[in-house]
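This report describes a predicted model for a reader who is new to it. Please view the sequence and the structure before reading on.

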Amino acid sequence: MTTAAWLHEELTAVIEDECRLRGLDAPAAVPALEEPRDRAHGDLAATVALELARSWGLAPRALAERIAERLRPRLGDRVQRLEVAGPGFLNFFLSPLALLQDGRGMAVDLDGALAVDVGRGARVLVEFVSANPTGPLHIGNGWLSIYGDAVARLLAFGGFKVTREYYVNDTGGQIRTLGASVLAAHRGEAIPEGGYRGAYVSDLAASYDGPDDVEAAGRWAVPRILAMIRGALEELHIHFDSWYSQASIEEGGLVAEVVAKLGERGALYEADGAVWFAAERFGDVRDRVLRKANGDYTYLAGDIAYHYDKLVVRGFDRAIDVFGADHHGQVASLFAALRALGIDETRLEIRLGQMVSLLEDGAAVKFSKRAGTAVPLSWLVDKLGPDATRLLALSSSIDRASQVDLAKAQATSSENPVYYIQYAHARVSALRRQARQAGLELDPATDWSVLGHPRELELIRGLLRLPRVLATAIDERAPHRLVTWLLEVAGAFHGFYHDCPIVVEGDDRVRRARLALSDLAGRAIARSLDLIGVRAVEEM
RNA sequence: GCCCUCGUAGCUCAGUGGAGAGAGCAGCUGCCUUCUAAGCAGUCGGUCGCAGGUUCGAAUCCUGCCGAGGGCGCCA
């Protein structure tokens, strides 16, 4: 057991005992100990006294003193000092021994230390990218593809059975527009108003040999464009388990079936020759058309059927959609439809990523296919490589509209954070090689008690933070938290490496312990990099 | 007009109920005859958009305002 877990147990025991003495109900749970930002406040801190003071009718400080007094005799040599500070914080100063024990424990069983099983085998469908197959992916698409892929990796690590799916919008007006663009280019005519003008259109048109029909040309072009999209994703090590066709849902009759189901539940009405979904009654901001006056189904009708397919027909326990903020308008409608269909809406989770823009000459330029400001994803990957691209995309939260400074991303590529992290791993790899050559055996269970340098302790503290960070990253679907941790721990490792000789150290016991610590850092970094899909290199 | 998201250092961003707010880049200053200097150390830099409120405690929660982005189609 880690020191933090053990302290939490002791603290809980004291508080429960104190409750009995006072005839009070024990709190549902004593919050976990926190790591204060300021080391002057100890290694771990508890805020229970502040939280319980009111209901116990005591001054927080007095309550903290009382808890501290009861706790002190139980602490032994793993805690150097317990002090009450500020308004009533309980600050624990651990003995180096406790940290070293925890570090050694983690080194001996890293898998055990990191294990989280929040998924319990639940089947989750993660839908992401799903960009219309009318042109190559741009950087904005790319950012969210990388995010979706990292979330899928995290969920799989967290015990979910994950399926990655790309929803292919291979039907409807845009495909006709695409077909018309290809045909026009094929005939050497001008691209029609509102059509697709990229170079890929003329490339495709050159090899088009089908009939002179807009539908046919569109259907012909889609798989070819999808191949381009797939290629760009493969470069980033993003693979899908399933490419799900919108047309197939329509042709299979599911759209009609689901619309009928909504009708049976009294959620539909007709007006102006169209079939409407009474979405407002189910929480949407307005009602929506599902079937147009001309008999065609709307995109929303297909999307509702698609989600019905995910959650009912295919029976996934959970569906996670990763959308760009420009699809924000769909969210309320989809949830309204789930409510109307009687499907537990908590099974659907929609992650909206804010828009990505390009920073050029200090001004943001939005990605727009029409305005011609969409930079192809593959262009950036060619410049930076998959690792730097992925790390750049994952270093900030998707809740924030991020700005990519292309000039900086390229010019400072050697100073890119990805190299800082990979360099730490490469250094560990070099140490392992040199240790082998020097006949120094790597043993995680070696005696760690010979360590104690501030750099060593700082690195161990950082490593011990990983289990909590990982759990949070999974829970919040926030891979950027792992990136933040990687940067911190890489920094701690570089500091340790700089000040603490390892293979060349004279004291053999210290050599072995430092090698074990380095090795642990390397494994923890490699594991985390793998979860965000960035390679851990052996040398640089 | 209504709805959603965001506003933190010159720039790009962490931190979303805990104690004097952090990192990287940019600027300035040191450190390579020992395991990779793609490194380490120091320094400069902030009314956490503004104003109220809730709380023992607010960058974090609530309200209003300002600013940015997105949405509000019988488009997809």
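## Contact between domains 1 and 3

Between domain 1 and domain 3, three salt bridges are counted. The residues on the side of domain 1 that touches domain 3 comprise two nonpolar, no polar and three charged (Ala, Val, Leu, Ile, Met, Phe, Trp, Tyr, Cys and Pro count as nonpolar, Asp, Glu, Lys and Arg as charged, and the others, Gly among them, as polar).

About 360 Å² is buried between domain 1 and domain 3, and carbon and sulfur atoms give 22% of this area. Buried area is the accessible area (1.4 Å probe) that two parts lose on being put together, summed over both. Within domain 1, the residues that lose the most area to domain 3 are Glu35, Arg39 and Asp43, together 77% of what that side buries.

## Overall organisation

Chain A is divided into domain 1 (3-94), domain 2 (123-353) and domain 3 (416-531), with bounds that come from an automatic or database domain assignment. It contains 21 helices and 14 strands; helices (H or I, at least four residues) and strands (E, at least two) are DSSP runs, numbered from the N terminus.

Of the 540 residues in chain A, 50% are buried. Buried means under 20% relative accessible area, exposed over 50%, and partly exposed in between (1.4 Å probe, protein chains only).

## Salt bridges within the chain

The whole structure holds 42 salt bridges. One of them pairs Glu18 with Arg66, whose closest N and O atoms are 3.0 Å apart. Glu18 belongs to helix 1 (residues 3-22) and Arg66 to helix 3 (residues 60-75), 48 residues apart. Glu18 is buried at 2% relative accessibility, whereas Arg66 is partly exposed at 28%. Both residues are part of a salt-bridge network that also includes Asp17, Arg20, Arg22, Glu69 and Arg70.

A further salt bridge joins the side chains of Asp519 and Arg432 (2.7 Å, N to O). Asp519 lies in helix 21 (residues 508-531) and Arg432 in helix 17 (residues 417-437), so this pair ties together parts that are 87 residues apart in sequence. Asp519 is buried, with 6% relative accessibility.

## Basis of the values

Residues are numbered from 1 along each chain as its sequence is written, and chains are lettered from A and ligands numbered from 1 in the order in which they are written. In this predicted model, local features need pLDDT of at least 70, side-chain atom pairs count only at pLDDT 80 or more, and totals for chains, interfaces and linings use all residues, while side-chain values use heavy atoms, with hydrogens and water left out.

Definitions and conventions
Salt bridge = Lys/Arg side-chain N within 4 Å of Asp/Glu carboxyl O.
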